[in-house]
Amino acid sequence: MKLLKISSVIFILIIFLLQSAKAQTFGGNPPSVKWRQINTPAARIIFPAGVDSTAFTVANIINRINPAVKPTIGTRQKLVNIVLQNQTLESNGYVGLAPFRSEFFLTPQQSSFEFGSLPFGSQLAVHEFRHVQQFNNFDVGFTRALHLAFGEGGQALGAALAVPDWLFEGDAVYNETLVTRQGRGRLPGFYNNFRILWAADKNYSYMKLRNGSYLDIIPNHYPLGYMLVAYGRQKYGSNFWAKAGQDAAAYHSAVYPLQSAIRKFTGQNFKQFVAGGLNYFKPQLVTPAQQQAGALLKKRHFEVSEQYPVFADDQTLIYKKSTYRNRPVFVVKAHGKEREIRISDVVNDNYFGYANGKIIYTSLNPDLRWGYRDYNELVIVDISTGRQRRITRRTKYFAPAFNAGADSVVTVEQAPSGKSTLHILKAQDGELLYAVPNPEQLTYNYPKFYKDHQLVAVIRKPDGKTTLALINMQDGGTTDLTPASFTPVGFPVLQKDTVYFTATAGNADRLYSLTIPGKQLYQLQHDSISPSLANYQPAVSSTQLVWVSPDVTGNRLHQVAKHQVVQLAVQQLAPLSDYRISDLSKNPAAHITDDTSLTTALPVRKYPKFAHPFNFHSLIPYFDDPEYTLSLQGQNILNTFTSALDFTYNRNEQYKQIQFSATYGALFPYLFGSAGYTFDRRGYSTRLQQNIYWNEKSVEGGLQVPLNLSSGRYITSLTLSSSVAYSAIDAYATYRPLFRYASYTYVNNTISFSNRVQQARQNVYPHWAQNITLNYRGSVSGIGARQFLATGTFYFQGLTANHGIALSGAWQRRDYTNNIYTNNFPFSRGYTAANLPQMSKVGFNYQLPLAYPDAGIANLVYLLRIRANLFADASRAAFTNAQNQKVQANFRSIGTEVYFDTSWFNEAPVTFGLRYSYLLDDDLFGNRGKHRISFIVPLTIF
């Protein structure tokens, strides 16, 4: 069996990047951004000018919570840099190593049922700073030794292998639930995926919960982690995870360190502990009636997600639909039959509005160059023709809704400054008619037209409390329709003077109605509503009520006659539940963010863009026999400058190489360069019949322009790169006459284009995609050598949605006499690759899934999918043979590949496979024989 060379760094980097590359975008902000900083003992807050208020809040919350929650994780403290990003529409945050830094993406989501309604910067502060404390205090024992040996990359490796991500995230969610009045641990929507599994009596193994599935809905590690962390603290004390986490990170047990730590401090084995934690929450989240209703779903898998229904008339529904096999699409359903309207653009929120035969929604459109800046642009779809038109450009809009005549639109503008504003637009062309004043600094969600000069919307107040409110369009004045509380409210829809909506009721999200004139609140009850685990996104007509409820088959529509629905009058919305975790109220840190007396004035200073440009953080070994490399890697805090200092040893030639490389990404083109020196290179001279020796030096510099051309349904990029490289041979005096060209300079120009449509979860290939690369390298002085390479791959749907076809081609030409450039030609599979003067190739691939095992072994490796690829390659080459004659030869092969999509250590996704190739022609540059078997580790195609 012939094995392809596999660098061990592939696996090592997968683990390293688990914690350190969650959301980083290199050079993502334009140079016009002016950066400021606030310094505290625990954190440096770096932020764009104009976001001072949020930065001030973040800094004060960290000062407030840091000493209060330290005892539950440890007392070690190292200052962290936190960068606030206000240009992106992403709602997220992370803390990473290599380098140690954090980023907050400040745009809040419209829905508060899963993430809550707290001011988003405040929520990120309490959640993400807990990760800072975790990294500081899990840097012990063997993890600390790895840190000392390999820098923060070593620390990331040690922490990732010892402490699972569910503990990191579960503990951080617990922290936000402890120190605030809300937090995800109190939100029933946070647990929905566990609830639907338990209602259907699907008690998945720990490995399946950790690694996911291509067939079933699987909760992510956040609710799993929260339940286990909360259970551990409730039963074994508030410092339990400080002891267990540090014991694991120290590797006091080299095998299954966390499992061993849990046994050490609880007396239970890990399986018993997990079962105990889940069973503690299960009876609080699923009732016997819900289990009875879900029993029939036990043997079913995910089927479809149906979201945001609206009525076109009493008999016609419009909604958004997606499956694991197909992309999201708008559909209209009348008399039991569905008709597809149009596949949706790429979006960051599936919400849409409808009126008078038109759909309006927000299409995500990234900036051409700056990765941290993107836009939500309004588009309108005609449901009869499926045609779509864009009415706004470079806007940051959310939750658009028509008036009854579909000639005006109300939408939420979420500005980079953090200000939320209601805009009234002309539906015809998106012209701004009016911006509703916002004197109370409210955050708006899901606005709807009500009467002349009035709107109904969910509002979030500056303290995070939520209410359904009536808004005066003239002065922005508000009238609360429900009492302001931390209970989430969302998805309002109006019918005359009644608003229907979803709100949290204790441990479930339920449907409500409210009559606006009298402010009378009702909870809706029906035999189809009451057993449901959760009820969202109501739609009403004159006679019908529709809503969405999740189960193991997906988000499903439910429809009943309105007259069958019972309206139970209630005085107020039920408070949130602590789910019997007493520490959430008894701990001294409980609700500490309420204590504004701890707020202090903090000075703001300019943050230099070139501060600490190198910031070397990790020493990473690369082993790719015969080359062995140590790379000292650096990255500045704003992620605009990366650098690496490498030392390489080649075992075959025994040469040594030192190289420094760097890239600066804060300008429109990237600027990159490198310089290196190689000692003691050697080669065999046929003239002297002996080895000869020389040194080499090289310098390269260039520009690269990465452009994001994505729009609508297409994810598209174009990268232009050009560099000039100089290489010189410094031969030993004895051998200098053998080197005709002691130095040469060449240019290296590349154009790379990638385009694809969205890809459903089970799709092996996109249904439509193209990858094209053109590369030209040519000398401008010294040796005369040129090489041009063009490659392309084109993807299509196969016989079914999950089958994929890939057609590839390549064409290369270079000089016959001078061969100085590396060979990137994709030679026919099975053959020994050669760098020949003229080469061309066509290839065919047909890939399809074979099985979805959903099975693992001993928490080491989990197998999610097995897939096969049938291929045929045909290469043709022209070259000079040993007799100096120009000849041509074919290199054709057919075969099959079997890929295994796996997860290792319940953390790292790894795909590997086996390839069988049958050679139709002789392998002129390698071994004899027609049959070849090789082990493959494929790279992602995009």
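## A helix under cover

A residue is called buried when its relative accessible area is under 20%. Keep in mind that this is a predicted model. With that cut-off in hand, look at helix α10, which covers residues 240-249. Its buried residues are Phe240, Trp241, Ala242, Ala244, Gly245, Asp247, Ala248 and Ala249. Because 8 of the 10 residues of α10 are buried, this helix is largely enclosed by the rest of the structure.

What do the buried residues of α10 pack against? Their partners are the helices α4 (141-150), α5 (152-162), α6 (165-179), α9 (221-236), α11 (257-266) and α12 (270-285). After α10 comes Tyr251, and its phi is positive, near 60 degrees.

## A sheet of four strands

Now move to an open sheet built from 4 strands in the order β14-β15-β16-β17, with antiparallel pairing. β14 and β17 stand at the edges with a single partner strand each, so one side of each has no neighbour in the sheet. From one strand to the next, the twist averages 25 degrees.

Let us follow the sheet across, pair by pair. β14 and β15 are antiparallel and pair over 4 bridges; Phe398 has Val412 in β15 as its bridge partner. Next, 7 bridges join β15 (residues 408-414) to β16, again antiparallel. Finally, 4 bridges connect β16 to the antiparallel strand β17 (residues 432-436), where Ile424 stands opposite Tyr434.

## Hairpins and a covered strand

How many residues lie between β15 and β16 in their hairpin? There are 5 residues between these two strands, and Gly418 in the turn has a positive phi of about 100 degrees. β16 and β17 form a hairpin too, with 5 residues between them. In that turn you will find Gly430, with a positive phi of about 75 degrees.

Strand β16 (residues 420-426) takes part in both hairpins. It is mostly covered, as 6 of its 7 residues are buried.

Find Arg510 in strand β24 (residues 508-515). Is Arg510 buried or exposed? Its relative accessibility is 14%, so Arg510 counts as buried, since the cut-off for buried is under 20%. The side chain of Arg510 makes a polar contact with the side chain of Asn535, at 3.3 Å. Arg510 and Asn535 are 25 residues apart in sequence, yet their C-alpha atoms are 5.2 Å apart in space. Beyond its neighbours within four places in sequence, Arg510 is in contact with several residues, including Gln290, Phe501, Gln523, Ile529 and Leu533.

Asp921 sits in the loop between β46 (908-919) and β47 (931-936). With a relative accessible area of 14%, Asp921 is buried. Which side chain does the side chain of Asp921 make a polar contact with? The partner is Arg892, at 2.9 Å. Setting aside neighbours within four places in sequence, Asp921 is in contact with Tyr831, Asn890, Phe891, Arg892 and Lys930.

## Backbone details in the loops

The loop between β4 (91-96) and β5 (101-106) holds Pro99. The peptide bond from Ala98 to Pro99 is cis, with omega near 5 degrees.

Arg394 lies in the loop between β13 (388-390) and β14 (397-402). Although Arg394 is not a glycine, it has a positive phi of about 55 degrees. Arg394 counts as exposed because its relative accessibility is 54%, and the cut-off for exposed is over 50%. His612, in the loop between β30 (605-606) and β31 (616-624), also has a positive phi without being a glycine, of about 45 degrees. His612 is exposed, with a relative accessible area of 55%.

Key
Residues numbered from 1 in each chain as written. Predicted model: local features only at pLDDT ≥ 70, side-chain atom pairs only at ≥ 80, totals over all residues. Heavy atoms only, no water. Buried < 20%, exposed > 50% of the residue type's maximum accessible area, 1.4 Å probe, protein only. Contact = heavy atoms within 4.5 Å. Polar contact = N/O pair within 3.5 Å; in protein donor to acceptor, adjacent residues only side chain to side chain. Pairing = 2+ DSSP bridges. Axes fitted to C-alpha atoms, helices over the stretch in contact; angles between N-to-C directions.
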